Amino acid sequence: MIRLVPDMTPQEIDALLKEQYEEMDRQTLDAFKRVLERALAIQRAKMRQDGGYNDDTGQLRSSTGGLIYRDGKVLFEDFQLSPYGSDKAPGLKEGRDLAFAELRESKGWGITLVAGKEYASWVESRHGLSVLTDAQLEVEKSLEQAFEEVEV
């Protein structure tokens with residue numbers, strides 16, 4: 001019979017495992033941030049002032065953003081005021097409020113994308129303009145690659 005004797009105490013093993021879990025969480029958050037930031041950058045590039053629909057107030061553009069969460073706790077958010085418009089702040093607040101309202105008691109990681117104005121889907125369906133769709137497609141496409149980048 002072979003008997004192995006570890007040269008580490010149980011406390012040292014626990015500390016090593018905790019360190020590895022924390023590193024995996026950090027890498028996962030970094031990968032999710034890259035996915036969300038890229039998706040929103042693509043979407044925001046399509047939402048320029050000459051982006052095909054009138055948003056004189058800037059509220060629709062300001063309401064578009066996202067959250068990264070784990071176990072129901074928000075770890076990162078990306079909402080930005082539109083660079084133009086006459087009344088942008090209410091849109092930003094509505095977008096953030098909607099994103100936080102979508103959070104539920106959950107286990108695991110998640111990304112929430114929102115366009116907080118109630119007429120966002122109308123702009124997409126009625127006029128065929130992208131308010132959130134391109135960002136959603138980018139997240140779906142990029143998540144698998146993001147998980148492949150996490151190494152521990």
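Colleague: Which helix is Ser-142 found in?

Modeller: Ser-142 belongs to helix H5, residues 133-149; a helix here is a DSSP run of H or I with at least four residues, and a strand is a run of E with at least two, both numbered from the N terminus. This is a predicted model, where local features need pLDDT of at least 70, side-chain atom pairs count only at pLDDT 80 or more, and totals for chains, interfaces and linings use all residues. Residues are numbered from 1 along each chain as its sequence is written, and side-chain values use heavy atoms, leaving out hydrogens and water.

Colleague: Why does Ser-142 count as buried?

Modeller: Its relative accessibility is 11%, and buried means under 20% relative accessible area (exposed is over 50%, partly exposed in between; 1.4 Å probe, protein chains only). Therefore Ser-142 counts as buried.

Colleague: What makes strands S1 and S3 a pair?

Modeller: Pairing takes at least two bridges found by DSSP. Strand S1 (residues 64-70) and S3 are joined by 7 bridges and run antiparallel, so they pair by that definition. Tyr-69 stands opposite Gly-110 in S3.

Colleague: What is the strand order in the open sheet?

Modeller: The 3 strands are ordered S2-S1-S3, with antiparallel pairing. Strands S2 (73-79) and S3 (109-115) are the edge strands, since each pairs on one side only.

Colleague: Which residues does Leu-113 touch?

Modeller: Not counting residues up to four places away in sequence, Leu-113 touches several, including Leu-36, Leu-40, Ala-135 and Val-139; contact means heavy atoms within 4.5 Å.
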